[in-house]
Amino acid sequence: MNTSRIAALLALGVAFTGNSFAGSEPAAPAPASGILTGRLGEGSGLDRLWSVPTLYKNPQHSVVQELAVIGQLQTQYAYGSTDSGNFGTQDVPDPLTWGNIEVRRFRLGLKGRLFKKLTFLNLTDLHPDLSPRYYKRTPETYFTWAENEALNISAGKTELKFDREQEYSSRDFPAFERSAVGHMLYFGELTGAWVCGSGIGSGWLYYLGAYSNDRVDEVSHFTGGTILLSKIGYDYTPRTSFDLAQVKLQYLHNSDSGHAASPGDLPSPSYSDAISLSNEITDGRFGQTTEFLWGNGALGRPDVFALSSMVTWSFTEKLQFVNTLEAAGSTEENGVFLPARYEALAPGAGDRRGDAYFAAFAGLNYYLRGHNLKLMSGVKYTHMHGGDSGGDFDGWTGMAGVRIAF
């Protein structure tokens with residue numbers, strides 16, 4: 001992709017950054033706004049610019065309350081080094097890059113609110129070079145009926161949000177990349193139905209979902225097995241002095257591990273059961289999330305387990321420090337895999353599998369406009385003890401990226 005096209009897309013992303021459905025509705029009737037009505041957001045020039053993706057907004061309308069364009073553009077660069085050689089985004093396949101810059105996500109979509117309680121979201125992945133065609137696949141398309149805080153019913157295709165890391169959207173996750181075992185227990189974007197709620201009793205929350213485990217570009221073929229995901233949590237903030245304190249237990253069951261809808265589709269991960277236990281606290285500028293993960297290996301794969309910690313400290317409203325630590329292991333050799341970004345790209349990494357893994361990351365985020373426009377950077381140290389067929393790894397990786405969302 002030539003430089004002028006990159007500049008144009010970045011400018012488009014900056015111009016369209018912003019918007020969500022968060023916030024309360026006004027007590028008094030408000031005038032309709034948006035491109036369709038010729039009224040843009042009030043405030044500074046940047047505020048008006050950020051309101052461009054809102055096609056229509058009228059909280060008092062009985063049928064359509066909001067309609068907005070959404071999108072993501074995430075670009076990043078990485079350079080790593082081990083005793084066996086160097087690696088990084090220069091080793092990523094050309095269709096996924098602009099030069100030596102990886103296009104991590106390039107998405108466009110639509111969201112809306114209807115009948116006061118019904119919301120919908122659609123996201124489409126685009127090819128980085130818009131070639132051989134614009135459209136790549138559809139990662140998410142679903143509807144949610146929000147009866148109240150305690151009862152939200154959804155159906156469609158969505159990213160399966162097992163474990164605390166995946167519950168963060170790719171826009172909001174503070175660290176540069178998710179953990180190694182978190183990636184291993186990533187079950188993809190799946191078609192199904194789910195119900196969830198919070199604020200029950202003294203602070204309970206829950207989630208129940210059933211999905212087809214077909215990992216396909218569009219809606220599931222329903223030819224494989226079923227994934228069941230359940231969560232129960234408790235918000236114990238009122239019993240503490242913290243701004244937020246929440247503990248959560250998650251359980252996942254996969255009835256057909258390793259199923260692939262076709263030879264060209266990704267298989268369902270080789271784990272029949274998985275458990276996540278997490279605790280999250282925030283107190284002013286400080287935040288910490290700790291999580292234990294376990295996966296029951298299937299199809300000859302060993303069980304895997306990990307303990308991770310993510311700490312954040314905000315120096316200012318715009319500058320944030322992020323630190324993550326992860327220790328992982330498996331019950332037998334070759335149960336832990338090096339992350340595909342970016343350690344697995346290193347030369348001489350053997351079979352890229354081991355039985356003991358440790359990683360530490362430290363980085364800085366600079367929020368130009370919250371999570372809608374931010375700069376991310378950091379350094380990661382990774383060590384893995386390989387099995388009989390190799391896999392030993394000891395190296396450093398530096399990363400920098402720009403994240404835009406609207």
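Predicted model: local features only at pLDDT ≥ 70, side-chain atom pairs only at ≥ 80, totals over all residues.
1. Buried here means under 20% relative accessible area, exposed means over 50%, and partly exposed is in between (1.4 Å probe, protein chains only). Residues are numbered from 1 along each chain as its sequence is written, and side-chain values use heavy atoms, with hydrogens and water left out.

2. What surrounds Glu 343? Leaving aside residues up to four places away in sequence, Glu 343 touches Phe 87, Leu 338, Lys 380, Thr 382, Phe 393 and Thr 397 (contact is heavy atoms within 4.5 Å). With Thr 382 there is also a side-chain polar contact of 2.7 Å; that term covers a pair of N or O atoms within 3.5 Å, where within protein one must be able to donate a hydrogen and the other to accept it, and residues adjacent in sequence count only if both atoms are side-chain atoms.

3. Glu 343 sits in the loop between strand E17 (336-337) and strand E18 (353-367); strands (E, at least two residues) are DSSP runs, numbered from the N terminus. Tyr 342 is in the loop between E17 and E18, and the peptide bond from Arg 341 to Tyr 342 is cis, with omega near 0°. Another cis bond joins Ser 131 and Pro 132, omega about 5°. Worth a look, since most peptide bonds are trans.

4. On to the rings: the whole structure has 8 aromatic pairs. Rings of Phe, Tyr and Trp (its six-membered ring) pair if their centres lie within 6.5 Å, with planes under 30 degrees apart stacked, over 60 edge-to-face and the rest tilted. Tyr 168 and Phe 173 are edge-to-face, 5.5 Å centre to centre and 65° between the planes, and both are buried. Trp 194 and Tyr 211 are stacked, at 5.7 Å and 25°. Trp 194 is in strand E9 (residues 189-200) and Tyr 211 in strand E10 (residues 204-212), so this pair ties together parts 17 residues apart in sequence. Ring pairs also bring Tyr 142 into a cluster with Trp 194 and Tyr 211.

5. Phe 115 is partly exposed at 43% relative accessible area, while Leu 299 counts as exposed at 66%.

Definitions and conventions
Helix = DSSP H or I, 4+ residues; strand = E, 2+ residues; numbered from the N terminus.
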